[in-house]
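This report looks at charged side chains and how they pair. Please have the sequence and the model in view while reading.

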Amino acid sequence: MTTRYRPAHDFGLGGVAHGNEFRFATDEQAEATLAAAWDAGVRYFDVSPWYGLGLAERRFGRFLSRKPRGEFIISSKVGKLLHASRDNDAKKYFPFTTSPNTPHFDYSADGVLRSIEDSLQRLGLDRLDIVFVHDLSPDNGFLPDNWDALWPTAEKGAFPTLTRLREEGVIDAWGMGVNCPQPIMRCLKTADSDVHLLASQYSLIDHDNAVEEIFPAARAKGVSFVVGSALNAGFIGGAHRFNYGEGNTLIPYDKREKLAKLRAIADQHGVDLVAAALQFSRAPDVVSSLIVGTANADHVLADHAALSANIPVEFWENLRAQDLVHPDAALPS
């Protein structure tokens with residue numbers, strides 16, 4: 001089995017909120033969050049052209065370009081090119097963004113090279129460590145065609161181009177960055193990837209399919225995951241949304257019911273459920289890193305500290321006994 005790249009840092013800050021995904025955040029808030037994360041020792045940062053249509057990359061770059069490049073790793077994404085114009089459609093995608101850009105989906109070889117170059121310009125950096133192929137997935141209603149129809153373009157364009165850039169030392173690793181498991185499973189069969197971003201699919205609320213299908217397939221290939229779904233876009237922490245997408249505030253009853261059961265057991269054992277959720281999502285052997293997305297300095301400090309919280313083994317045993325975690329799911333030691 002090939003030894004593949006794994007991020008050197010097991011906790012990172014994601015850029016979704018820095019792109020004003022859920023609400024407006026000021027430049028000062030973004031800067032304060034990045035500074036708090038850095039001062040706490042966070043050295044992995046994940047961003048994308050999609051987040052605020054360039055806004056998050058500009059904010060991350062403004063901060064990280066002032067830091068020694070050898071002291072942190074950064075991942076960004078390809079698959080969407082941004083075109084600025086007076087009659088842009090930015091508000092259609094991100095109502096709170098200040099971007100002048102309209103996104104255009106492009107999973108070709110040329111599109112990948114252009115996307116990376118554009119990201120580096122916005123970030124003010126000389127390289128990306130990890131590149132994720134973004135949102136080529138059945139849940140993406142913004143795609144110009146069915147994801148199956150677009151897949152051959154990525155398979156012939158994006159994937160071999162990223163493999164070549166890795167072999168040339170331009171990037172260290174690449175994989176899929178998606179909300180659904182199908183593209184990851186397909187990529188594992190058809191391409192030479194290293195690390196994938198699970199933007200949903202692995203949390204205390206939702207992890208059965210990852211345990212049964214995705215993780216075994218990844219182990220067989222020596223591939224690891226960055227998990228971005230530990231709190232289900234804030235749901236476990238109390239936000240009225242579950243994951244991402246236009247209908248994410250219409251939370252299924254079974255998710256709300258499971259959260260209530262988890263909270264009750266956490267209260268019984270005096271456990272912070274957010275800390276338990278973060279630790280749970282980082283526990284599997286195939287998880288190389290965990291990222292949280294926030295533009296709130298207090299939140300990133302709390303999440304970082306939560307990874308060191310003492311959680312009694314009885315709490316995990318109770319969850320297992322109540323069938324709230326999969327019998328084969330890894331539990332924090």
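The text below covers salt bridges, then a charged surface patch.

The model is predicted, so local features need pLDDT of at least 70 and side-chain atom pairs count only at pLDDT 80 or more, while totals for chains, interfaces and linings use all residues. Residues are numbered from 1 along each chain as its sequence is written, and side-chain values use heavy atoms, with hydrogens and water left out.

## Salt bridges

A salt bridge here is a side-chain nitrogen of Lys or Arg within 4 Å of a carboxyl oxygen of Asp or Glu. The structure contains 18 of them.

| Pair | N to O distance |
|---|---|
| D194 and R4 | 3.7 Å |
| D118 and R114 | 2.9 Å |
| R186 and D148 | 2.6 Å |

Helices (H or I, at least four residues) and strands (E, at least two) are DSSP runs, numbered from the N terminus.

D194 and R4 are both buried.

The salt bridge of D118 with R114 lies within helix α4 (residues 109-123), where the two residues are four apart and therefore separated by about one helical turn. D118 is buried, because its relative accessibility is 14%. R114, at 42%, is partly exposed.

R186 and D148 form a salt bridge. This pair links distant parts of the chain, with R186 in helix α6 and D148 in helix α5 (residues 147-167), 38 residues apart. R186 is partly exposed at 28% relative accessibility, and D148 is partly exposed at 40%.

Salt bridges with shared partners also connect R4, R166, D192 and D194 into one network.

## A negative patch

Which residues form the negative surface patch? They are D208, E212, E213 and D328. Patches are made of residues with over 30% relative accessible area and no salt bridge; like charges are joined within 9 Å, and nonpolar side chains (Val, Leu, Ile, Met, Phe, Trp, Tyr) within 5 Å. Asp and Glu count as negative, Lys and Arg as positive, and His and the chain ends are not counted. E212 belongs to helix α7 (residues 208-221) and is partly exposed, with a relative accessible area of 45%.

Note on methods:
Areas by Shrake-Rupley, 256 points an atom, 1.4 Å probe, with all protein chains shown as cover. Charge placed at Lys NZ, Arg CZ, Asp CG, Glu CD. Buried < 20%, exposed > 50% of the residue type's maximum accessible area, 1.4 Å probe, protein only.
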